[in-house]
Amino acid sequence: MKPLKRHPALIELSREHHGSLSLCVRLLRTPEQSHQAELDPHFVELEPHFLEEETMFAPYWDKVDPALRQRFEGDHAKLRAMMAHPEYVNESWNKDFAVTLRDHARFEERELFPAIEPFLPLPENV
């Protein structure tokens with residue numbers, strides 16, 4: 001598969017998605033265990049990540065399929081609610097959080113980013 005060439009404004013967000021996907025693999029390997037030690041710092045990183053995306057994409061929602069915005073906002077709301085009330089030793093919660101985060105990162109990379117990239121301004125030094 002040919003690697004995607006990301007818009008410069010999205011490169012760091014994609015790197016952060018990679019870290020989230022790695023965390024999800026670990027959670028799904030041993031969902032019966034507490035992953036609090038790695039989840040707590042990740043929760044702290046996710047909130048600014050969400051805010052950056054929400055701010056960056058806000059001007060472009062009227063240019064893309066409304067279903068993309070609905071999915072994006074719904075996923076962020078669900079993940080925020082789960083982070084506000086983590087159940088570290090609940091196997092079902094660990095699986096649900098990992099699957100939701102994994103599927104959300106994949107959705108952004110495969111569907112949302114390609115839909116929004118054409119509207120993002122090019123950096124001035126290109």
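In this predicted model, helix α2 (residues 36-57) packs against helix α3 (residues 66-84) at an angle of about 160°, and their axes lie 11 Å apart. Because angles over 145 degrees count as roughly antiparallel, α2 and α3 are roughly antiparallel to each other. The crossing in which α2 passes α3 is left-handed.

**Contact between α2 and α3**

- Helix α2 contributes F43, L46, E47, F50, L51, E53, E54 and F57 to the contact.
- From helix α3, the contact residues are F72, H76, L79, R80 and M83.
- By class, the residues of this contact comprise eight nonpolar, one polar and four charged.

**Secondary structure of the chain**

- The chain has four helices and zero strands.
- Read from the N terminus, its elements follow the order α-α-α-α.

- The C-alpha trace spans about 45 × 30 × 25 Å along the principal axes of the chain.

**Burial and contacts along the sequence**

- Of the 126 residues in the chain, 39% are buried.
- Where contacts join residues at least 6 apart in sequence, 77% of them are between residues at least 24 apart.

Definitions and conventions: Residues are numbered from 1 along each chain as its sequence is written. This is a predicted model: local features need pLDDT of at least 70, side-chain atom pairs count only at pLDDT 80 or more; totals for chains, interfaces and linings use all residues. Side-chain values use heavy atoms; hydrogens and water are left out. Axes are lines fitted to C-alpha atoms, for helices over the stretch in contact, and angles run from 0 to 180 degrees between N-to-C directions. Helices (H or I, at least four residues) and strands (E, at least two) are DSSP runs, numbered from the N terminus. Angles under 35 degrees count as roughly parallel, over 145 as roughly antiparallel, 65 to 115 as roughly perpendicular and the rest as oblique. A crossing is left-handed if the near helix is turned anticlockwise from the far one by less than a right angle, and right-handed if clockwise. Contact means heavy atoms within 4.5 Å. Ala, Val, Leu, Ile, Met, Phe, Trp, Tyr, Cys and Pro count as nonpolar, Asp, Glu, Lys and Arg as charged, and the others, Gly among them, as polar. Buried means under 20% relative accessible area, exposed over 50%, partly exposed in between (1.4 Å probe, protein chains only).
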